[in-house]
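Here is a short briefing for a reader new to this structure. Take a look at the model, then work through the points below.

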Amino acid sequence: MQCTYPLQLQTFRNLLKACIAQRDLITGKILHALYFKSLIPPSTYLSNHFTLLYSKCGSLHNAQTSFHLTQYPNVFSYNTLINAYAKHSLIHIARRVFDEIPQPDIVSYNTLIAAYADRGECGPTLRLFEEVRELRLGLDGFTLSGVITACGDDVGLVRQLHCFVVVCGHDCYASVNNAVLACYSRKGFLSEARRVFREMGEGGGRDEVSWNAMIVACGQHREGMEAVGLFREMVRRGLKVDMFTMASVLTAFTCVKDLVGGRQFHGMMIKSGFHGNSHVGSGLIDLYSKCAGSMVECRKVFEEITAPDLVLWNTMISGFSLYEDLSEDGLWCFREMQRNGFRPDDCSFVCVTSACSNLSSPSLGKQVHALAIKSDVPYNRVSVNNALVAMYSKCGNVHDARRVFDTMPEHNTVSLNSMIAGYAQHGVEVESLRLFELMLEKDIAPNSITFIAVLSACVHTGKVEEGQKYFNMMKERFCIEPEAEHYSCMIDLLGRAGKLKEAERIIETMPFNPGSIEWATLLGACRKHGNVELAVKAANEFLRLEPYNAAPYVMLSNMYASAARWEEAATVKRLMRERGVKKKPGCSWIEIDKKVHVFVAEDTSHPMIKEIHVYMGKMLKKMKQAGYVPDIRWALVKDEEVEPDERERRLLYHSEKLAVAFGLISTEEGVPILVVKNLRICGDCHNAVKLISALTGREITVRDTHRFHCFKEGHCSCRDYW
DNA sequence: CTAGGGTTAG
């Protein structure tokens with residue numbers, strides 16, 4: 001560029017302003033170079049604005065340089081730098097810069113408060129707030145909205161702050177009211193959120209952000225129609241609709257599981273040019289992954305996005321890990337994301353950890369855990385630790401789960417829920433209930449998921465009275481309305497304990513239409529207690545709802561068979577055949593040296609099948625000496641004519657036994673092993689594995705569809721109650 | 001110079 005006239009300070013000012021407004025980094029850099037070559041005396045104003053430009057364009061390094069080249073930095077310079085660091089989540093450095101300011105002003109405080117608020121750090125924010133008040137710096141709407149956002153988890157505190165806002169007359173700021181509104185909604189107080197929205201009124205500061213916040217609030221409270229109504233009203237009034245609005249409406253569709261409405265909205269967005277936006281795309285992917293039952297549409301949406309961001313990747317990972325059989329794609333996505341230059345954040349780790357839980361792969365889980373520690377993501381975040389607790393217990397290791405739990409700097413409801421559920425699945429009901437008591441002592445509020453965990457702890461150990469106590473406590477003391485799942489727990493609890501009539505009564509009297517899950521639960525209980533008559537009823541109800549599910553046919557025919565009612569057993573089987581219902585083949589898998597080995601019954605495809613058979617043969621001898629009697633009732637024979645010897649042989653080749661045997665010969669003495677089965681463990685295998693654990697001195701864990709069975713020294717953690 | 005609403009998460 002050839003300049004005929006010397007450039008003046010004013011020229012730079014104007015050009016730079018334009019660059020900042022346009023986020024034009026390239027022209028800005030040229031301007032910066034020209035400024036150095038020019039004869040203009042050093043200007044703090046210009047330097048500051050160069051720093052600001054770099055900060056806004058996400059160029060932290062240049063912002064730092066520009067700051068250090070500022071000869072006479074003022075508060076503005078420092079504030080801009082703080083903001084640049086905060087945007088890159090470098091809060092510690094931001095804090096250090098703040099501490100270096102000779103005389104921080106209210107903007108310095110506001111900037112730092114906002115940075116802490118973004119990360120939900122309530123403590124430091126409140127301390128800064130105190131300082132502001134002591135120093136009488138003149139707090140404003142920025143300060144208050146920041147403080148309220150930071151304390152969003154504590155409604156009590158937010159209520160106090162809200163009062164303060166009103167008393168001091170700060171309720172004319174939209175930002176403050178919007179923060180209050182969002183907080184009330186997040187914490188479940190829709191009517192209060194509505195009140196704030198209403199009272200803001202037309203002239204009283206209500207802006208587009210308020211509308212967006214209100215749409216989200218409706219979504220959070222399953223008021224899909226109201227959310228869409230608000231959106232229509234916005235359009236009608238000619239208010240500015242942006243990607244936030246779009247994403248908010250999408251959330252509402254997702255929350256009410258309205259896939260059809262969501263699709264229509266998607267179509268509308270394509271017309272108005274919002275598709276291709278990463279922010280909106282995340283909302284779409286969330287909708288399709290949660291409501292469409294597959295990831296097919298998500299992939300399509302993803303490919304349309306012009307500039308995918310970290311959240312979009314995270315949403316994809318999260319979508320894959322909603323599905324057990326797609327969780328490997330979730331891991332692939334996690335790697336792909338990094339290949340595309342994105343550094344995983346805490347949320348990525350939460351999603352990918354949950355994929356590992358689904359895969360029941362302790363080795364992958366540990367790798368992810370290690371990676372989280374090594375990466376400088378704030379892996380200490382409660383959410384990441386919660387996910388790790390869930391992962392370790394779902395991968396069969398409740399001790400490691402507890403270790404993570406114990407080293408966490410703080411716990412919230414989800415942490416307790418994960419740990420309580422972990423113990424419940426492993427049948428350590430004492431610990432579950434102890435943690436629940438601890439939760440109450442520490443004033444961590446239980447939610448409806450807590451009670452599912454607590455009730456299932458009672459289910460797995462047959463603690464009927466306790467279960468009933470907690471069921472009542474939930475309604476009476478905590479005002480949590482029991483959902484269908486809680487009733488299922490109660491049916492399970494009573495049914496398994498042999499109180500079949502009472503279980504049936506729950507189905508009859510509960511305030512929901514009983515679904516297949518409730519009948520299946522009752523059916524399972526009937527099988528356990530050999531009540532054929534009730535089983536017939538439960539199976540019929542189940543079949544009415546799900547005619548193509550094989551489970552009730554199989555269960556019923558087995559029950560008829562064991563009651564020697566052969567004809568009826570044959571009828572059920574014939575019906576099943578006629579309807580073309582196929583039984584899900586049982587399979588078990590085990591991970592050895594990071595490789596998963598899958599077995600089905602009578603499997604001969606495994607390369608080491610010979611060794612496995614030899615081992616099983618030897619083991620069978622030892623087991624028989626120790627008093628093992630094969631329980632041929634569990635032999636899955638298609639034909640009743642099969643000889644007892646043959647049945648015994650088939651029992652020996654059940655998938656879980658094969659997997660256990662393979663695990664034992666492939667690992668060192670004393671190493672615990674984990675086998676996962678896609679159906680419930682068979683009764684004969686349960687007996688056999690108990691003995692095997694005693695004979696080999698190994699700890700053998702089998703996870704079936706229901707719970708964990710940890711076999712040790714001849715006993716199972718379920719104490720044979722399953 | 002600073003903000004509020006928001007997609008992902010347990």
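In this predicted model, 52 residues lie around DNA strand B. Those that come nearest are Asn79, Asn110, Ala174, Ser175 and Ser383.

**Surface near DNA strand B**
- Helix H7, residues 106-118, gives the most to this surface, with six residues.
- By class, the surface has 23 nonpolar, 24 polar and five charged residues.

**Helix H14**
- H14 covers residues 224-236. Its 13 residues should span 18 Å at 1.5 Å a residue, and its end C-alpha atoms are 18 Å apart, so the two agree.
- Which residues of H14 are buried? They are Gly224, Ala227, Val228, Leu230 and Phe231.
- The buried residues of H14 pack against helix H13 (208-220) and helix H15 (243-255).
- Arg232, Glu233 and Arg236 are exposed, on the face of H14 turned away from its buried side.
- Gly238 follows H14, and its phi is positive, near 75 degrees.

- Residues 74-108 are 74% helix and 0% strand, with end C-alpha atoms 11 Å apart.
- Residues 447-477 are 87% helix and 0% strand, with end C-alpha atoms 12 Å apart.

How values were computed. Residues numbered from 1 in each chain as written. Chains lettered and ligands numbered in written order. Predicted model: local features only at pLDDT ≥ 70, side-chain atom pairs only at ≥ 80, totals over all residues. Near = placed C-beta within 6 Å. Helix = DSSP H or I, 4+ residues; strand = E, 2+ residues; numbered from the N terminus. Nonpolar A, V, L, I, M, F, W, Y, C, P; charged D, E, K, R; others polar. Expected span 1.5 Å × (residues − 1). Buried ≥ 20, exposed ≤ 12 C-beta atoms within 10 Å, placed from the backbone. Contact = placed C-beta atoms within 7 Å.
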